[in-house]
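Me: I have a model open and would like to go through it with you. Could we begin once it is on screen?
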Amino acid sequence: MQSHDNTPGQNHQELTYLPVPFTKAPPKQPRFAALRAWWDTAWDEDGVLHNMWEDVLRAPVVGFRHMAPWLRAVLMVAGVSFVVLMAKTASEVVLDALHQLLTTVPKVQVGVDTSGGVFAVVDQPVRTYIAQHAAGLPVAASTVYTLWLLTGIVALVLGFLSKNNGVRATWAAHGAATAWMVWTATPDTSRPVAAALAVLAWTFLSAFAMRGLTLRRRVVVGRPAEVTVKPEIHIPVQPPAAPADQHNGCCPFRD
């Protein structure tokens with residue numbers, strides 16, 4: 001027989017380290033579970049999306065002034081963005097049309113007799129002056145002439161309609177520049193007559209462009225103060241006091 005001894009260290013070895021059990025990994029949640037949970041919560045009775053949808057449904061009833069602030073802000077931003085987009089598109093169209101107008105219309109040779117009548121007295125010297133002094137500019141002489149013509153027409157019309165001092169100053173500068181160009185580009189023999197006709201034409205048109213302009217100071221007379229007399233006001237008059245020697249009843253010591 002074989003004896004079994006429980007004395008440690010003789011026939012078996014002790015386990016110094018016990019095995020550690022591995023914890024199981026938690027089951028993975030399905031993808032977008034958190035997003036789905038938030039979506040369901042947001043559409044509950046007091047959820048964020050539910051309240052926003054209620055604000056949208058109430059907007060046509062309460063009007064723009066009393067609708068939800070966030071919805072009013074969204075509509076304002078959308079409206080401003082639409083206006084900016086339309087303004088940008090319109091400005092591109094207008095600038096393109098203006099560029100075509102300035103480069104192709106009118107097709108004239110500046111400095112050549114292309115006008116007749118009394119208008120030619122002012123127009124031909126202006127064309128000649130522009131042709132002589134626009135040689136080194138990055139734009140054509142016809143473009144400069146068109147700008148000069150458009151500036152005069154716009155200043156005349158806006159000065160008549162708006163009575164704006166800035167527009168009137170533009171009209172005055174345009175007239176002075178025109179008179180100077182006529183004086184410079186007209187031959188010496190007819191220079192005074194041409195300049196005089198240019199000044200007279202500008203003065204006649206100024207009656208419309210400077211409509212309502214006056215150099216007199218406006219004196220504002222104040223209205224006199226109105227004094228209202230009310231005869232129903234009465235001043236109470238106290239009755240005179242009784243004499244000191246007057247007594248009611250009989251006085252036994254009276255003389």
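Me: How many helices and strands does the protein have?
Reply: The protein has seven helices and zero strands, where helices (H or I, at least four residues) and strands (E, at least two) are DSSP runs numbered from the N terminus. This is a predicted model, in which local features need pLDDT of at least 70 and side-chain atom pairs count only at pLDDT 80 or more, while totals for chains, interfaces and linings use all residues. Residues are numbered from 1 along each chain as its sequence is written, and side-chain values use heavy atoms, with hydrogens and water left out.

Me: What share of the residues is buried?
Reply: Of the 255 residues, 17% are buried. Buried means under 20% relative accessible area, exposed over 50%, and partly exposed in between (1.4 Å probe, protein chains only).

Me: Which salt bridges are there?
Reply: The structure holds three, a salt bridge being a side-chain nitrogen of Lys or Arg within 4 Å of a carboxyl oxygen of Asp or Glu. Arg58 pairs with Asp55, with the closest N and O atoms 2.6 Å apart. Asp123 meets Arg127 at 2.5 Å, N to O, and Asp188 meets Arg191 at 2.7 Å.

Me: How are Arg58 and Asp55 placed in helix H2?
Reply: Arg58 and Asp55 are three residues apart in that helix, so about one helical turn separates them. Arg58 is partly exposed at 43% relative accessibility, whereas Asp55 is buried at 16%.

Me: And Asp123 and Arg127, buried or exposed?
Reply: Both are buried. They lie four residues apart in helix H4, about one turn of the helix.

Me: Changing topic: how much space lies in the largest pocket?
Reply: About 420 Å³, the volume being the space filled by probe spheres set on grid points joined across faces, edges and corners. On a 1 Å grid over the protein atoms alone, a pocket is an open set of points where a 1.4 Å probe fits, with protein on both sides within 12 Å along at least five of seven lines; lining residues have an atom within 4 Å of a point. Of the 18 lining residues, Phe119, Val122, Trp148, Ala201 and Leu205 are the closest to the centre.

Me: Which elements give two or more residues to that lining?
Reply: Helices H4 (119-133), H5 (141-162), H6 (165-185) and H7 (191-209) do.

Me: Where is Lys163, and what is its phi?
Reply: Lys163 is in the loop between H5 and H6, and its phi is near 55°, a positive value in a residue other than glycine. Most residues other than glycine have a negative phi.
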